[in-house]
Amino acid sequence: MIAPERTKSTVETPKNAVQQHTSGAENNTPNYVCKKSAQLDSLLFTAPYFLIDADNHKTSDMLTTRPAHTQQPIVGTLHPNVVAIDFDLDTEEEADWALHHLITWCEDRSTWYAHRASGGGPGRVHFLALPRKEHRDELASYIEQLRIELGVAKKQIDVRDKLRLLSSPHRQGHARGRLVTAWATPPAELLPGTPRPRQRRTP
């Protein structure tokens, strides 16, 4: 891997990725809750949850159920099998480069993933992956390799066990990016104990 030079680049969405095209309301109105994002939240996150304010301060106790009908940003605990990465890089091209390599890694191993710009500005992205048990250590090593290639601190490519929900608004009201997933629904066998969305009946 060779880290990017200081030129603008754009990562192409892989052909088999599912782009969850959000309406104008979701892109421009922070409090709009995307149904698809909320469905994924119910699979990828669990208790405890808590609310935060614009300064990233906790404004609630630790909650055992996901708050409903709130306009405040919500942070949840990731399911133990989910690997979540919070990118806080200096430029969009650095985030694009790292994102490209993570997507390639996931697709080479048939690993489900999702990502979207977090709303915090260029270089800020949330990336979630659901690797199988035999790939988890390999992914951790690969993430460290990305940090080394970019010459960034651990907190700039930060693996989290808690993260703002996909359906949650940004804490300062910034617009979020388009949600992209490898395919629509994460593998059920890798998320034991979580509710599954109802399947539509075919007549």
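Is Tyr113 buried or exposed? Tyr113 counts as buried, at 1% relative accessibility; buried means under 20% relative accessible area, exposed over 50%, and partly exposed in between (1.4 Å probe, protein chains only). The model on display is predicted: local features need pLDDT of at least 70, side-chain atom pairs count only at pLDDT 80 or more, and totals for chains, interfaces and linings use all residues. Residues are numbered from 1 along each chain as its sequence is written, and side-chain values use heavy atoms, with hydrogens and water left out.

**First stop: an aromatic pair**

Select Tyr113 together with Phe127. The ring centres of Tyr113 and Phe127 are 5.9 Å apart and the planes lie at 10 degrees, so the pair is stacked. Rings of Phe, Tyr and Trp (its six-membered ring) pair if their centres lie within 6.5 Å; planes under 30 degrees apart count as stacked, over 60 as edge-to-face and the rest as tilted. Tyr113 belongs to strand S5 and Phe127 to strand S6, 14 residues apart, and the pair thus links distant parts of the chain. Helices (H or I, at least four residues) and strands (E, at least two) are DSSP runs, numbered from the N terminus. The structure holds two aromatic pairs.

Keep Phe127 selected. Phe127 is also buried, with a relative accessible area of 1%. Beyond its neighbours within four places in sequence, Phe127 is in contact (heavy atoms within 4.5 Å) with residues including Val83, Phe87, Leu99, Leu102, Cys106 and His115.

**Second stop: the nonpolar core**

Next, select Leu44, Phe87, Leu102, Phe127, Leu128 and Ile157. Among the 44 residues of the largest nonpolar core, these six touch the most other members. A nonpolar core is a set of buried Ala, Val, Leu, Ile, Met, Phe, Trp, Tyr and Cys residues joined through side-chain atoms within 4.5 Å. Elements that each supply at least two residues of this core include helix H2 (35–44), strand S4 (83–88), helix H3 (92–108) and helix H4 (136–150). The largest share, eight residues, comes from H3.

Move to Leu78, which is found in strand S3. Leu78 counts as buried, at 6% relative accessibility.

Select Asp86 and Arg160, whose side chains meet in a salt bridge (2.7 Å, N to O). Asp86 lies in strand S4 and Arg160 in strand S7 (residues 157–160), 74 residues apart. A salt bridge is a side-chain nitrogen of Lys or Arg within 4 Å of a carboxyl oxygen of Asp or Glu; the structure holds six. Asp86 is buried at 13% relative accessibility, whereas Arg160 is partly exposed at 32%.

Then display Glu138 and Arg109, which form a salt bridge at 2.6 Å, N to O. Glu138 lies in helix H4 and Arg109 in the loop between H3 and S5, so this pair ties together parts that are 29 residues apart in sequence.

Continue to Arg147 and Glu144, another salt bridge, in which the closest N and O atoms are 2.7 Å apart. These two are three residues apart in helix H4, and about one helical turn separates them. Arg147 counts as buried, at 7% relative accessibility, while Glu144 is partly exposed, at 36%. Elsewhere, salt bridges that share partners join Asp86, Asp158 and Arg160 into one network.
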